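Thanks for asking me to look this one over. Please have the sequence and the model open side by side as you read.

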Amino acid sequence: MIKPSHYDDDGIRFSGSARYPSNTLACLNGLAEDAQRREVLGPGVEIRLHTYDETNRRVRPTHHPHDPQAGGKALIGFVGVQSNQFPRALDLARHS
């Protein structure tokens, strides 16, 4: 799950502050952990969670934790995307 940052008026990716952590990201991570614990996808189905808040951790669109050689599937979710973050979310999605 990725909470994208946004671009400033000059098109530079905003990175910034840990003053306002993403509550949406934390809530969805908690729900996913609960789903994993209850095995809602079935017994023995592994869920690997990775959460990134781009305002306090750099996200490189070409480097994500899914390894296609290892098999399985990957779902990359964009969390809490506001209208000013939408262009950055699209750029990240194009490379995923």
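The points below go from the overall fold to single residues.

1. First, the ground rules. This is a predicted model, in which local features need pLDDT of at least 70 and side-chain atom pairs count only at pLDDT 80 or more, while totals for chains, interfaces and linings use all residues. Residues are numbered from 1 along each chain as its sequence is written, and side-chain values use heavy atoms, with hydrogens and water left out.

2. The overall layout. The protein chain has two helices and two strands, in the order β-α-β-α along the sequence. Helices (H or I, at least four residues) and strands (E, at least two) are DSSP runs, numbered from the N terminus.

3. Burial and surface. Of the 96 residues in the protein chain, 23% are buried (buried means under 20% relative accessible area, exposed over 50%, partly exposed in between; 1.4 Å probe, protein chains only). The accessible surface is about 7,000 Å², and carbon and sulfur atoms hold 51% of that surface (Shrake-Rupley method, 1.4 Å probe; for residues, only the protein chains shown count as cover).

4. Helix 2. Arg88, Ala89 and Leu92 are buried in helix 2. The buried residues of this helix line one face, because they fall within an arc of 100° seen down its axis (the arc is that of the directions from the helix axis to the C-beta atoms). Strand 1 (2-3) is part of what covers them.

5. Glu54 deserves a look. It sits in the loop between strand 2 (52-53) and helix 2 (86-95), and is buried at a relative accessible area of 1%.

6. Most residues other than glycine have a negative phi. Glu39 is not a glycine, yet its phi is positive, about 55°. Glu39 lies in the loop between helix 1 (23-37) and strand 2 and is partly exposed, at 44% relative accessibility.

7. Lastly, Val45. This residue lies in the loop between helix 1 and strand 2, and its 40% relative accessibility makes it partly exposed.

Note on methods. Contact means heavy atoms within 4.5 Å.
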